[in-house]
Amino acid sequence: MNLKHFLRLCTTGKPVIRAGCRLYSNRNILKLSERGMFEDIFPDTSADEIINLFNKSPQRVYAGFDPTAESLHIGNLLIVMNLLHWQRSGHDVIALIGGATGLIGDPSHRTTERPELAEALVRSNVESIKDNLQTIFKNHEQFFWREGRLKPVKFVNNLDWYRNINVVEFIRTIGKHLRLGTMLSRTSVKTRLQSETGMNFTEFTYQVFQAYDWLYLLNEYNCRFQIGGNDQMGNMKSGHDLIGRVKNANVYALTLPLITTEGGKKYGKSERNAVWLSPKKSSSFQFYQFFVRTPDSDVEKLLKLYTFLPLREIAEIVAAHKTSPEKREAQKVLAEQVTLLVHGEEGLQAALQASAVLYDRSIESLCKLNAEELVQVFEGASMVDLMPEPGLTAYELAMKANCFKTDHDAMRIINAGGFYINHQKITNVNEAITPGIHVLPNKVTLLRVGKKTYHVVRWFA
């Protein structure tokens with residue numbers, strides 16, 4: 001059942017749930033449908049059962065993250081946001097990092113095989129992703145929660161239970177419960193079987209291992225709920241099928257929407273357009289700027305998905321934004337909220353400072369950043385290291401920084417007013433480079449040719 005449809009039935013007064021169930025109880029996660037957080041629920045007749053469970057006691061939920069890269073990205077962040085909402089509602093949260101399944105590779109939404117990862121790399125990625133998650137949960141409790149201590153998140157690595165399993169015993173006891181026809185009917189499998197590359201056996205078994213993960217977590221922690229992107233529904237159903245055949249227990253899968261580009265492609269590692277959660281791969285400035293550049297058509301949706309702001313406040317922000325959309329106030333609120341969650345207060349301040357440099361054409365703002373940070377701010381900027389030279393001219397500096405291909409280009413463009421040093425137009429090719437004016441106190445110089453071509457000079461004494 002589509003959760004939006006379910007909530008609509010409830011609010012129109014039709015008897016969808018039994019008397020005594022409170023739809024908007026503190027633990028009722030289904031209310032997140034109002035924010036567009038859920039797309040589907042499986043089994044499709046289980047919404048009233050779920051609400052009964054929420055009313056009786058806190059539940060356990062898990063989401064899986066495969067360590068196929070050293071960082072999570074903003075597509076994964078929506079899953080983390082959902083887990084945070086579960087945590088805020090008093091439930092127990094399990095973050096599963098797939099040290100084993102990461103070695104296999106999820107074929108979902110793939111047209112070719114994933115590159116095989118070395119075990120040492122996967123182990124390193126496991127630790128990096130765990131650090132991503134711990135940082136976000138810590139920032140959330142520090143900056144967004146004011147109602148006492150939250151239940152700690154439990155981190156598990158599925159390699160811990162697979163490393164000692166006998167393969168023959170696993171196939172004999174688990175494999176017999178999974179039906180080949182059903183497994184072959186999964187979209188992720190059908191798509192690959194129809195492709196030129198086909199699908200290897202290793203990839204085909206991915207859904208077996210993800211299914212067993214859920215069974216293991218149910219046995220060990222009574223974990224009845226799993227969340228994931230809507231591209232994971234097939235793998236979730238495999239887990240539900242396995243549990244249904246092995247145990248007499250009701251379990252539930254909830255899917256989340258995939259965040260896509262304006263062209264409809266999902267954000268992720270495979271699309272090469274990922275904005276990473278780790279500051280080692282995407283700086284807080286780059287992260288902030290991604291959300292500041294959110295199209296007006298998407299900003300309300302992302303405010304609902306990526307912030308904890310009340311829906312009424314979001315409506316007010318969006319209404320105010322529509323009166324002066326050029327100010328991008330809604331985008332700034334979104335960017336600040338998400339950057340604080342992922343990068344903390346220090347990261348947000350660095351992002352705001354760098355963003356000010358991007359739009360504030362003053363020497364004072366340039367002095368606040370180092371050369372590496374300026375390269376990030378002015379995308380595509382090159383950087384060169386130089387030693388100060390007495391009598392160095394603007395023309396000589398431009399040539400040493402590789403601003404021009406030829407002497408003729410340098411003379412022509414500088415004389416025509418197309419060359420800038422620290423935002424100041426330079427028209428005299430013989431102007432002397434002066435410390436404090438051209439060489440800033442932070443030992444950098446920003447050069448610009450035309451409107452958009454930047455070069456950063458880092459000076460070494």
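Which residue in β9 is the bridge partner of Tyr 420? I will come to that at the end.

This is a predicted model, where local features need pLDDT of at least 70, side-chain atom pairs count only at pLDDT 80 or more, and totals for chains, interfaces and linings use all residues. Residues are numbered from 1 along each chain as its sequence is written, and side-chain values use heavy atoms, with hydrogens and water left out.

I start with strand β6, residues 252-256. Helices (H or I, at least four residues) and strands (E, at least two) are DSSP runs, numbered from the N terminus. Is β6 enclosed or open? 5 of its 5 residues are buried, so β6 is largely enclosed by the rest of the structure. Buried means under 20% relative accessible area, exposed means over 50%, and partly exposed is in between, with a 1.4 Å probe and protein chains only. Tyr 252, Leu 254 and Leu 256 point one way from the strand, and Ala 253 and Thr 255 point the other way.

Now its neighbours. Two strands pair if DSSP finds at least two bridges between them. Strand β1, residues 40-42, runs antiparallel to β6 and is joined to it by 3 bridges; here Asp 40 stands opposite Thr 255. Strand β5, residues 225-229, runs parallel to β6, with 5 bridges, and Ile 227 has Leu 254 as its bridge partner. Together with helix α12, residues 233-246, β5 and β6 make a right-handed β-α-β unit. Right-handed means that, with the strands pointing away from the viewer, the path from the first strand over the helix to the second runs clockwise.

Helix α2, residues 47-56, is mostly covered, with 7 of its 10 residues buried; among them are Asp 48, Asn 52 and Phe 54. In helix α7, residues 167-173, we find Val 168. Val 168 counts as exposed because its relative accessibility is 58%.

Last, the other sheet. It is open, with 5 strands in the order β7-β11-β10-β8-β9 and mixed pairing. Its edge strands are β7 (382-386) and β9 (424-425), each of which pairs on one side only. Strand β8, residues 419-421, pairs with β9 in the antiparallel sense over 2 bridges. That brings me back to the opening question: the bridge partner of Tyr 420 in β9 is Lys 425.
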